[in-house]
Amino acid sequence: MQRVRNRHRAWIGIQGGVEVKGRELNKLATRSLFSWWNYLIFFLVTSYVVGCSFLLFFAGMDISEAEVRQNALRTFGNVVFLSMLFCLLDGIRRKYTVELPVKRILEATRRITQGDFKARIQTIHGPDSRNEFDIIIENFNRMAKELSGIETLRADFIANISHELKTPLAVIQNYSTLLQAPALPEAKRIEYAKTLTSASRQLSDLITNILKLNKLENQEIFPEVQEYYLGEQLSECLLGFENIWEEKELEIDTELEEDIVIEADAELLTLVWNNLFSNALKFTEPHGKITVRLTGEEDWVVVKVSDTGCGMSPEVGKHIFDKFYQGDTSHTTQGNGLGLALVKRVIDIVDGEIRVESEAGKGSTFLVKLRRTGDETN
């Protein structure tokens, strides 16, 4: 409890510091517009100009000392008056051209620092008479909009990942408690242990996918480009799921055009094919059919992965590549909604295209297009 209070006080101190700094900036902006320093500059400049003008105008003229003394005080008063007038006019000009825009920007930045990412600034001039302040304001509004979007994504990400983490953790906690029962039969103990293993594997896969997606989105993984036969890669990935399709007695139909060579990161594309095959096998009922096609089209190669599973509605299809999105809201199928988000990110990195064609109750077809480097013959 004491630690919570200390954090609360620290947060209040940070907020108070931000507000104090904001007020100091506003005062500083106001003081810098109307200061004695500005008046002194105008006074010196005016005195210099007037003095030089008098010297040039009356040079060579015979003026008595009495006349000079008589008009010196009046001239000095005029210089003081003109300096004040110029300083006032410059202050008014700067108030409307500098102070007001600066105050708008300071107020908006203060709101941003306090977490209000909806802060926006109205531009000063129209499109045809923009100045530097208008450009700064437009850039600020664009930045605020991006920050608002990032904050929304962050909040959604935290909410989604919290939900996804709670499920396996709850399973692990509950079954760990059940395993502690001294009179638990051996069969039940084995069953609970398998459930724990499955939940821990699900949690591990979730964390692994989060790390992979984070690295891909932050460009921490750079493609290691190499030439290889795409058909061989597809066959190897599909054979990795042989036990699953044999257990569900699925029909596997492959039509892979031979000698298609691409230039890409093989490890990243393996991630794509494994996710697409895994989804197709997961959502296809026993005795269904999985179809894999590889064809070449001019500068592209096209991979189609089709299944006869449950399919999806057009609304689900719009969000299928979003992070943590699952069309099965009941969560009866295993998954965390990150697989297709990883697929989409990899396809973007290798400069390819992906889309899905699906109809509820009639299966789905994922179509991937990649740039080809040419054909080779054995």
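**Exercise 1. Locate Glu249 and Asp259 in this predicted model, and state what marks the phi angle of each.**

Step 1. Glu249 sits in the loop that runs between helix 7 (242-247) and strand 2 (251-256). Its phi is near 55°, a positive value in a residue other than glycine.

Step 2. Asp259 belongs to the loop between strand 2 and strand 3 (260-264). Asp259 is not a glycine, yet its phi is positive, at about 60°.

Step 3. For background, most residues other than glycine have a negative phi.

**Exercise 2. Describe how helix 6 (residues 230-239) is placed against helix 8 (residues 266-283).**

Step 1. Two packed helices are described by the angle and the distance between their axes. Here the axes come within 10 Å and cross at roughly 50°.

Step 2. Angles under 35 degrees count as roughly parallel and 65 to 115 as roughly perpendicular. Helix 6 and helix 8 are therefore oblique to each other.

Step 3. The crossing of helix 6 past helix 8 is right-handed.

Step 4. Helix 6 contributes Leu230, Gln233, Leu234, Cys237 and Leu238 to the contact, and helix 8 contributes Ala266, Leu269, Thr270, Trp273, Asn274 and Phe277. Sorted by type, the residues of this contact are 8 nonpolar, 3 polar and no charged.

**Exercise 3. Summarise the protein chain as a whole.**

Step 1. Its secondary structure consists of 10 helices and 7 strands.

Step 2. Of the 378 residues in the protein chain, 30% are buried. The chain exposes about 24,500 Å², with carbon and sulfur atoms supplying 57% of it.

Step 3. Take the contacts between residues at least 6 apart in sequence: 73% of them join residues at least 24 apart.

Key:
Residues numbered from 1 in each chain as written. Predicted model: local features only at pLDDT ≥ 70, side-chain atom pairs only at ≥ 80, totals over all residues. Heavy atoms only, no water. Helix = DSSP H or I, 4+ residues; strand = E, 2+ residues; numbered from the N terminus. Buried < 20%, exposed > 50% of the residue type's maximum accessible area, 1.4 Å probe, protein only. Contact = heavy atoms within 4.5 Å. Areas by Shrake-Rupley, 256 points an atom, 1.4 Å probe, with all protein chains shown as cover. Axes fitted to C-alpha atoms, helices over the stretch in contact; angles between N-to-C directions. Parallel < 35°, antiparallel > 145°, perpendicular 65-115°, else oblique. Left-handed = near helix turned anticlockwise from the far one by under 90°. Nonpolar A, V, L, I, M, F, W, Y, C, P; charged D, E, K, R; others polar.
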